[in-house]
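Subject: Structure for your reading

Dear colleague,

Please find below the structure that I promised to hand over to you. My notes on what was found in it follow.

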Amino acid sequence: MKDKIFAAKCSSCGKLSYPTHYYCPGCGETKFEPVPIEGEGKLLTFTRAYALPLDYAQRYLTLGIVEMDSGIRATGQLLIDEPKIGMRVHATVGKVREISGEDVVGLRFGAKGRG
Ligand SMILES: [Zn+2]
């Protein structure tokens, strides 16, 4: 199982991109090095999705957009019962859903200091 999710760091100007682009949005360069998305960030906004496809095990998903301390913004599943905008969260990588019996791994955010 893949246990890290990577952003792309521009080899030329150092700008981080996630999701990754073919061209650096900062300088147009096309060479990048992978940088794992990890550590902590701030919850910018979140939403609950109730109309899930049938192959989801859970009734709803809470999805959040987090501004990581590295500056990138990443979307992931929130593992927090009562999220509050502006709260500190930390990123983990884990199973976010199952498709035809196979785990799908993605970014998840938990409350800082727990889970
Ligand atoms: Zn660049």
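I begin with a hairpin. Strands β5 and β6 (residues 73–78) run antiparallel and are joined by 5 bridges; strands here are DSSP runs of E with at least two residues, helices are runs of H or I with at least four residues, and both are numbered from the N terminus. Two strands are said to pair if DSSP finds at least two bridges between them. In this pairing, Leu 63 has Gln 77 of β6 as its bridge partner. Between β5 and β6 lie 4 residues, and Gly 71 in the turn has a positive phi of about 105°.

Two remarks on the source are needed before going further. The model is predicted, so that local features need pLDDT of at least 70 and side-chain atom pairs count only at pLDDT 80 or more, while totals for chains, interfaces and linings use all residues. Residues are numbered from 1 along each chain as its sequence is written.

The chain as a whole

The protein chain has 0 helices and 8 strands. Its C-alpha trace spans about 45 × 35 × 25 Å along the principal axes. Of its 115 residues, 20% count as buried; a residue is buried if 20 or more other C-beta atoms lie within 10 Å of its own, exposed if 12 or fewer, and partly exposed in between, with C-beta atoms placed from the backbone. Among the contacts with a separation of 6 or more, 45% join residues 24 or more positions apart; a contact requires that the C-beta atoms of two residues, placed from the backbone, lie within 7 Å.

Strand β4 (residues 39–49) is antiparallel to β5 (residues 61–68), with 8 bridges between the two. β4 also pairs with β7 (residues 88–99) in the antiparallel sense, over 4 bridges. There, Gly 41 has Val 89 of β7 as its bridge partner.

Thr 62 lies in β5 and is the bridge partner of Arg 48. Is Thr 62 buried or partly exposed? Thr 62 counts as partly exposed because it has 18 C-beta neighbours inside 10 Å. Beyond its neighbours within four places in sequence, Thr 62 is in contact with Phe 46, Arg 48, Gln 77, Leu 78 and Pro 83. Gly 94 is 32 residues away from Thr 62 in sequence, and their C-alpha atoms are 15 Å apart in space.

The open sheet

There is also an open sheet of 3 strands, in the order β2-β1-β3 and with antiparallel pairing. Its edge strands, β2 (16–17) and β3 (32–36), each pair on one side only. Strand β1 (residues 6–10) pairs with β2 over 2 bridges, and Ala 8 has Ser 17 of β2 as its bridge partner. The loop between β2 and β3 contains Pro 19. The peptide bond from Tyr 18 to Pro 19 is cis, with omega near -5°.

In the contacts between them, 10 residues of domain 1 meet 10 residues of domain 2.

The largest nonpolar core has 17 residues, and those with the most contacts inside it include Val 66 and Phe 109. A nonpolar core is a set of buried Ala, Val, Leu, Ile, Met, Phe, Trp, Tyr and Cys residues joined through C-beta atoms within 7 Å. The elements that give two or more residues to this core are β1, β5, β6, β7 and β8 (102–111). β1 gives the most, with 3 residues. Each of domain 1 and domain 2 supplies at least three residues to this core.

With kind regards

Methods:
Domains from an automatic or database assignment.
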